[in-house]
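Thank you all for coming; I would like to walk through one chain this morning, going from the overall picture down to single residues.

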Amino acid sequence: MTTKMPRRGSLSATKQALSVGDVARRSGVAVSTLHFYETKGLIQSWRNAGNQRRYTRDVLRRVAVIKIAQRTGVPLTEIREALAALPDSRTPTAADWRRLSQRWRVALDTRIAHLTQLRDQLDGCIGCGCLSLSQCPLRNPGDVLGGDGEGAQRLER
């Protein structure tokens, strides 16, 4: 038997709440991941009278934003800062997402440029196969580490 869902806004917040299992099923994220996100301050829940976690429906959009940001390489600390700028009382909108994505655009463009450069240099490295520590443009471009003496040197400081 199916029941017709009442109009949005006609249910109390408690009846509209989602269990952790509901959020996991609807978002495609494991329950343990939701608990992890909560400990990191990315999402919030409350406990009902039976001490079970409950989430507002906007958590689904927040989880989607988290997953998209993670796929682009944005660290969880930056995701948390960005989500903290959103109002708790409503679902993030397209305008909210545009503001969030603008915060990450420069870092993403820089990462893309570095990865493109790495890809182009890697082609040459695979072609020569030398892996010379004094000549390799990937491991020691321009032999910049030669002046630091013998032994392993850090490339990125």
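**The chain as a whole**

Of the contacts in the chain with a separation of 6 or more, 45% are between residues 24 or more positions apart, where contact means heavy atoms within 4.5 Å. This is a predicted model, in which local features need pLDDT of at least 70 and side-chain atom pairs count only at pLDDT 80 or more, while totals for chains, interfaces and linings use all residues. Residues are numbered from 1 along each chain as its sequence is written, and side-chain values use heavy atoms, with hydrogens and water left out.

A word on confidence, then. The average pLDDT of the chain is 77, and 66% of the residues score at least 70; pLDDT is the predictor's confidence in each residue, from 0 to 100. Over residues 1–11 the pLDDT stays under 50, and for that stretch the model has 7 contacts beyond four places in sequence. Where pLDDT is low, the predicted coordinates should not be read in detail.

The chain has 6 helices and 3 strands, and along the sequence they follow the pattern α-β-α-α-β-β-α-α-α. Helices (H or I, at least four residues) and strands (E, at least two) are DSSP runs, numbered from the N terminus. Of the 157 residues in the chain, 24% are buried, and here buried means under 20% relative accessible area, exposed over 50%, and partly exposed in between, with a 1.4 Å probe and protein chains only. The chain exposes about 11100 Å², of which carbon and sulfur atoms supply 53%; these areas come from the Shrake-Rupley method with a 1.4 Å probe, and for residues only the protein chains shown count as cover.

The 3 strands form an open sheet in the order 1-3-2, with antiparallel pairing. Strand 1 and strand 2 (46–47) are the edge strands, each pairing on one side only. Strand 2 and strand 3 pair in the antiparallel sense over 2 bridges, and two strands are said to pair if DSSP finds at least two bridges between them. Trp 46 has Arg 54, in strand 3, as its bridge partner. In the loop between strand 2 and strand 3 we find Asn 51, which has a positive phi of about 65 degrees although it is not a glycine. Most residues other than glycine have a negative phi.

Let me turn to helix 2 (residues 20–27), where Val 20, Gly 21, Val 23 and Ala 24 are buried. Seen down the axis, these buried residues fall within an arc of 165 degrees, so they line one face of helix 2; the arc is that of the directions from the helix axis to the C-beta atoms. The face turned away from that buried side carries the exposed residues Arg 25 and Arg 26. The cover over the buried residues of helix 2 includes strand 1 (18–19), helix 3 (31–39), strand 3 (53–55) and helix 4 (59–71). Just after helix 2, Gly 28 takes a positive phi of about 75 degrees.

What about helix 3, and which of its residues are buried? They are Leu 34, Tyr 37 and Glu 38, and they cover an arc of only 100 degrees around the axis, which puts them on the same side of helix 3. These buried residues pack against helix 2, strand 3 and helix 4. On the other side of helix 3, Ser 32 and Thr 39 are exposed, with Ser 32 at a relative accessible area of 54%. Ser 32 and Val 20 are 12 residues apart in sequence and, C-alpha to C-alpha, 9.5 Å apart in space.

**Around helix 6**

Is Asp 96 buried or exposed? Asp 96, which is found in helix 6 (residues 94–128), is buried, because its relative accessible area is 2%. A polar atom of the Asp 96 side chain lies 2.8 Å from the backbone nitrogen of Thr 93, and the side chains of Asp 96 and Arg 99 are joined by a polar contact of 2.3 Å. A polar contact is a pair of N or O atoms within 3.5 Å; within protein, one must be able to donate a hydrogen and the other to accept it, and residues adjacent in sequence count only if both atoms are side-chain atoms.

Lastly, Ala 85 lies in the loop between helix 5 (76–84) and helix 6, and at 60% relative accessibility Ala 85 counts as exposed.
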